[in-house]
Amino acid sequence: MQLVHNSDFHITLETDHVILHGNVDESAGVMLRGSVVLNCHETTKVKSVSLKFIGKAKVNWTEDKTKGLGSHQKHYKEEKTIITHEWSFLLPQRKTYHLPEGHYKWDFELPLPGDLPESVDHELGQVYYRLKATVERPTFSMNYSDKRSLRVSRVLLPSSLELTQSMVISNTWVDKLSYDISVPNKVFTMGSIIPITFALLPIAPDLQVRSVSCVLKEYTTLSTEDHSKMEGKVVKHLRDESFSASSDAGVWTKTELLPVPDRESHQVQTDSVCDLIKIKHKLKFTVSLTNADGHISELRAAIPIMIAEMSPEEDENALPAYEDAWKSAPYDPQQIAALIARGDLPPSVAISTPNAAAIGANLSLASSDTEDDEPSTRPSTPVNTALLWEGIDLSRVPSYTTAIRSNRLYSFSGSLPGYESAVAVPGRNA
């Protein structure tokens, strides 16, 4: 918030961290919402009020070039606008607006496409998104302005193959070694642990493992119209010089744990694809072997992986499953208790809700007796839900209209009921 004279002017956002769900081909995008707020503590003269949103990618680096017998440096620089949009809340006009003392608020929203590149903050290039609001004042009066940055991240859908598909390298080093090197999936999040499993089958006699190295490496590709440059850096390194693997049928097996730095460390970027800057990651392995005659051999391999900021399970903005949609409503203890008492929600909802009011609502349906006035935290006796259906003709299947009129909420328990236990929904006949 920026204070200027007797007014304050600022941008508010629902969130400054936008999360796109799915890859660039399947993401539906997201809605950006917020407000521009002007508080006038006295009558204020204003010519216009506007807001601009812009997303840009830019790269900037220098390379040493050799020409003849000498060398010189060549500079590369490129900038590209990814997205831009403007709002005019008070249009410019010949006469100046006179805003009396008070609170002024202009809401805005903008659909962001699902193929936006993720935010990147690299020393040689950036992808960034910013909002700038401006109040234009008359001549000789200082304009008001405020800026907000927006961070864009991407999270894969839970159904994505990358989250469940294991990555394996299998090969044979002729007359020396057969090996399998595997990781459980392709995508890992910042701050997580990468388990790398080595399964080595020695072929040559008296072969020993001297050491095993695992490296997480980040590759950044910078591009302009006529030139590109790739730069690699080691993000994390692990070296095991005491590879005491377990042996099963002659196979040496061991799992190494390689930690991924968290976001706060600024040591790693997420995978990102943009025209000017691309970021990818690889796991590289080196197995150093001591042969029977004492000389050293090295086995080298690599597996491409992805680094994401968060997993689908960590996404707080993810929509609930269809059967759990009722959970997205604001929690109201009295409403939950009333719905349970009416039979519109199962009593198990009260048990799963860590709230005294919900527990009390569940106990009111149970058959247990207590002399305490305070809600008990002991497990309650399950309600015989079959009693709720007494007096209902269970042989009749309700019409679609009847089911709609019943206004019932449902929670799916995870398994479908048996045919014999299926019951009709009570309600008026259509």
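This is a predicted model: local features need pLDDT of at least 70, side-chain atom pairs count only at pLDDT 80 or more; totals for chains, interfaces and linings use all residues.
Q: What share of the residues is buried?
A: Of the 430 residues in the protein, 39% are buried.

Q: And the accessible surface, what does it come to?
A: It comes to about 25,900 Å², and carbon and sulfur atoms account for 50% of that area.

Q: What about contacts with a separation of 6 or more: what percentage comes from residues 24 or more positions apart?
A: Such residues account for 68% of those contacts.

Q: Turning to the largest nonpolar core, which members touch the most others?
A: They are L51, F53, F108 and L112, in a core of 44 residues. Strand β6, spanning residues 48-67, gives the most to this core, with six residues.

Q: Why does this core lie between domain 1 and domain 2?
A: It lies between them because both domain 1 (8-65 + 72-155) and domain 2 (161-308) give residues to it.

Q: Now the strands. How many bridges join β17 to β22?
A: Strand β17, residues 208-223, is joined to β22 by 14 bridges, and the two run antiparallel. T221 has K278 in β22 as its bridge partner.

Q: Which residue in β22 is the bridge partner of V273?
A: That is K278. Strands β21 and β22 pair in the antiparallel sense over two bridges, and they form a hairpin with three residues between them.

Q: What joins β22 to β23?
A: Ten bridges do, with the strands running antiparallel; S288 stands opposite E298 in β23. These two strands also form a hairpin, with five residues between them, and G294 in the turn has a positive phi of about 100°.

Q: Where does N291 lie?
A: N291 is in the loop between β22 (277-290) and β23 (296-308).

Q: Buried or exposed?
A: N291 counts as buried, because its relative accessibility is 8% and the cut-off for buried is under 20%.

Q: What polar contact does its side chain make with K176?
A: The side chains of N291 and K176 are joined by a polar contact of 2.6 Å. Not counting residues up to four places away in sequence, N291 touches K176, D206, L207, I296 and S297.

Q: What is the phi of D175, and where does D175 lie?
A: Phi of D175 is near 60°, a positive value in a residue other than glycine. Most residues other than glycine have a negative phi. D175 lies in the loop between β13 (167-173) and β14 (177-183), and at 62% relative accessibility it counts as exposed.

Q: And H266, what is its phi?
A: H266 is not a glycine, yet it has a positive phi of about 60°. This residue is found in the loop between β20 and β21 and is exposed, with a relative accessible area of 68%.

Q: Finally, how far apart are E264 and M190?
A: They are 74 residues apart in sequence and 9.4 Å apart in space, C-alpha to C-alpha. E264 lies in the loop between β20 (251-259) and β21 (272-273), and it counts as exposed at 59% relative accessibility.

Key
Residues are numbered from 1 along each chain as its sequence is written. Side-chain values use heavy atoms; hydrogens and water are left out. A nonpolar core is a set of buried Ala, Val, Leu, Ile, Met, Phe, Trp, Tyr and Cys residues joined through side-chain atoms within 4.5 Å. Buried means under 20% relative accessible area, exposed over 50%, partly exposed in between (1.4 Å probe, protein chains only). Helices (H or I, at least four residues) and strands (E, at least two) are DSSP runs, numbered from the N terminus. Domain bounds come from an automatic or database domain assignment. Contact means heavy atoms within 4.5 Å. Accessible areas come from the Shrake-Rupley method with a 1.4 Å probe; for residues, only the protein chains shown count as cover. A polar contact is a pair of N or O atoms within 3.5 Å; within protein, one must be able to donate a hydrogen and the other to accept it, and residues adjacent in sequence count only if both atoms are side-chain atoms. Two strands pair if DSSP finds at least two bridges between them.
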